[in-house]
Amino acid sequence: SENILAAKPMNAGVGGLVAPALYQVGDSDKAFKYWTQCLAQDSDATIRLRNANNYLTAFLAKGSAKKTENAFNFELPAWPKGRIPDSAESGMVLSLARGLNQIGRKQQVFALLQDFMPAISAELDVLGKALRVLWEAGYVQWVDQYMSLNFPSDRGLDGQLLVLRAAAAEAANRMAESASYVSRAINAMPVYLTAYARSQTFLIGVLNRAQMRVKEPLTHLEFHFTENTPASLASRFADQYRFLS
């Protein structure tokens, strides 16, 4: 790694690839040094976002420093207009947004995802995850307004977005509207299997009534197994058994 950086000492792309390698082999001090140098430089937006995500992910995993907003004082670029992200890039941006949420950088979360969402407007699964992160950052009213403007009530939506709309309507005290979206969500995702693992020995079917009030965004797993005995079982024994709702 030293030879690579000696050849291109100010290259944020190269340094941003070397830093994770150093971190993985246990040299975290040098890894954070390189990440800090890379983030202090001007670079392509996607490279800078990637470096920021890797830095913040490692910082949160290390857990040795206090997880405050002072842990991340770097400016973040907007996602390039017109560029459609691939699945890895979408995962990277969402990971960065979640990390920023953990250290209290709510305004950066909002700025990052507001610029990113036009690029993923056709990817409902990714869009739903982005809206959930914004909800968790406290932008509940903004999420409600965004969905009202971009998703008319008669538009076909996947289960995740239907649950999100139900939660937004509940938060705004539009109870009848929330109930209608919950009913649509039940029809949109009537069956759910927890993730498959080779260590599992049985498939367990759980027949339980879907919750009729949704107060916050939920994943498919949370929607099917929430605040009941099956939920506790699915959470505690997913490595041994596969659950079907």
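Reader: How exposed is D125, by relative accessible area?
Author: Happy to start there, with a note that this is a predicted model, where local features need pLDDT of at least 70, side-chain atom pairs count only at pLDDT 80 or more, and totals for chains, interfaces and linings use all residues. Residues are numbered from 1 along each chain as its sequence is written, and side-chain values use heavy atoms, leaving out hydrogens and water. Buried means under 20% relative accessible area, exposed over 50%, and partly exposed in between (1.4 Å probe, protein chains only). D125 is partly exposed, at 40%.

Reader: Which residue forms a salt bridge with D125?
Author: A salt bridge is a side-chain nitrogen of Lys or Arg within 4 Å of a carboxyl oxygen of Asp or Glu. The closest N and O atoms of D125 and its partner are 3.3 Å apart. That partner is K129.

Reader: How many residues apart are E170 and R213?
Author: Their side chains meet in a salt bridge of 2.4 Å, N to O. This pair links distant parts of the chain, with E170 in helix α9 (residues 159–171) and R213 in the loop between β1 (202–205) and α11 (220–224). Helices (H or I, at least four residues) and strands (E, at least two) are DSSP runs, numbered from the N terminus. The separation is 43 residues.
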